[in-house]
Amino acid sequence: MKISFEHKNALVGGSTQGLGKAIAIQLAECGANVTLLARNEAKLKKVLKELNTDSGQKHNYVEVDFYNLEDFKKTVSGFLKNHPVHILVNNTNGPEAGGVLEKNLPDYQKAFDLLFQTVCFTTLEVLPGMQKNKFGRIINVSSLSVKEPIQNLALSNTIRVALTSWAKALSTEVAKDNITVNSILTGNFDTERLNHLIALQAKAKNVSEEEIRESRIAAIPMKRFGRPVEYAYLAAFLASDYASYITGTNIPIDGGLLKSL
Ligand SMILES: NC(=O)c1ccc[n+]([C@@H]2O[C@H](COP(=O)([O-])OP(=O)(O)OC[C@H]3O[C@@H](n4cnc5c(N)ncnc54)[C@H](OP(=O)(O)O)[C@@H]3O)[C@@H](O)[C@H]2O)c1
């Protein structure tokens, strides 16, 4: 099996580090023209240089702040006017941590803008082009929190369920146009986000970060965190022609961490 994304354009959110960066690298490796989406221009330029161009791929970046919804919408729709997208990877930074009792309504609104509105907006903007081309791959980076709420992640637990439910309904409406919509339920992957959550947990429990890291690893049947490249392989598969009959799914990638079926 060889995946080729030659002549395919991919838009990858949150792609200057972590999971988004690994996905961008993998899609480019398989021949896609990749547009990176994130805040920090210096980091965007640096990652752009790391993307494979062996088969003449043309890469690009767009500077956006997911928390500034009005500017985000203007910038993204301006870009999309002249740039059709075949593969959309909806990935943002994670919402702030904290338990249910610590969060207020503006916190939920902020997380809703981040995790739902930016994704919903971008998807609806790219869909007409996908429908016209009779091809599209929409991949949402989500979390295990969709199946099993995670302690101290009230915002993620709440809003990500809404997004996956929306994605499932959407998948049934666009399937006839050869567009697939799938969500990846992310376990523990070795990224800055995970380091940040570990640091918060260590502080809250007044123990070392190493202790938290070890206890998290002990809970994973594979006894290790995932590597971003392992995540990127799944995303590339879902974006490929080999996944043409897979849609409306929520696929966990977690080294066996999820307890439910
Ligand atoms: N890693 C895990 O174990 C794990 C587990 C479950 C779910 N997830 C979820 O998967 C997603 C990706 O996680 P990750 O671990 O790859 O995160 P990460 O390492 O923190 O990367 C986040 C990416 O988003 C960009 N970003 C941050 N704030 C932004 C903003 N306001 N506007 C635009 N771009 C912004 C960052 O680049 P700039 O700083 O350049 O903007 C970076 O490229 C998150 O939603 C996370 O919650 C991760």
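**View 1. Helix α4 bends by about 40° at aspartate 113.** In this predicted model, α4 covers residues 105–133 and so counts 29 residues by the DSSP assignment of helices. From its first C-alpha to its last, α4 reaches 41 Å, which is close to the 42 Å expected at 1.5 Å a residue. The helix is followed by lysine 134, a residue whose phi is positive, near 55°.

**View 2. The chain is divided into domain 1, made up of residues 9–187 together with 228–252, and domain 2, made up of residues 189–225.** Where the two domains touch, the contact takes 12 residues from domain 1 and 8 residues from domain 2. The C-alpha centres of domain 1 and domain 2 lie 25 Å apart. The size of an interface is often given as the accessible area lost when the parts come together. Between domain 1 and domain 2 the buried area is about 790 Å², and carbon and sulfur atoms give 63% of that area.

**View 3. Arginine 224 forms a salt bridge with glutamate 230, with the closest N and O atoms 2.7 Å apart.** On the side of domain 1 that touches domain 2, the elements that give two or more residues are α1 (18–29) and α8 (228–239). The largest share of that side, 3 residues, comes from α8. The count between domain 1 and domain 2 is 1 salt bridge, while 3 residue pairs are found in polar contact across the interface, with both residues of each pair at pLDDT 80 or more.

How values were computed. Residues numbered from 1 in each chain as written. Predicted model: local features only at pLDDT ≥ 70, side-chain atom pairs only at ≥ 80, totals over all residues. Heavy atoms only, no water. Helix = DSSP H or I, 4+ residues; strand = E, 2+ residues; numbered from the N terminus. Expected span 1.5 Å × (residues − 1). Bend = angle between axes of the 7 residues up to and from the residue. Domains from an automatic or database assignment. Contact = heavy atoms within 4.5 Å. Buried area = accessible area lost by both parts, 1.4 Å probe. Salt bridge = Lys/Arg side-chain N within 4 Å of Asp/Glu carboxyl O. Polar contact = N/O pair within 3.5 Å; in protein donor to acceptor, adjacent residues only side chain to side chain.
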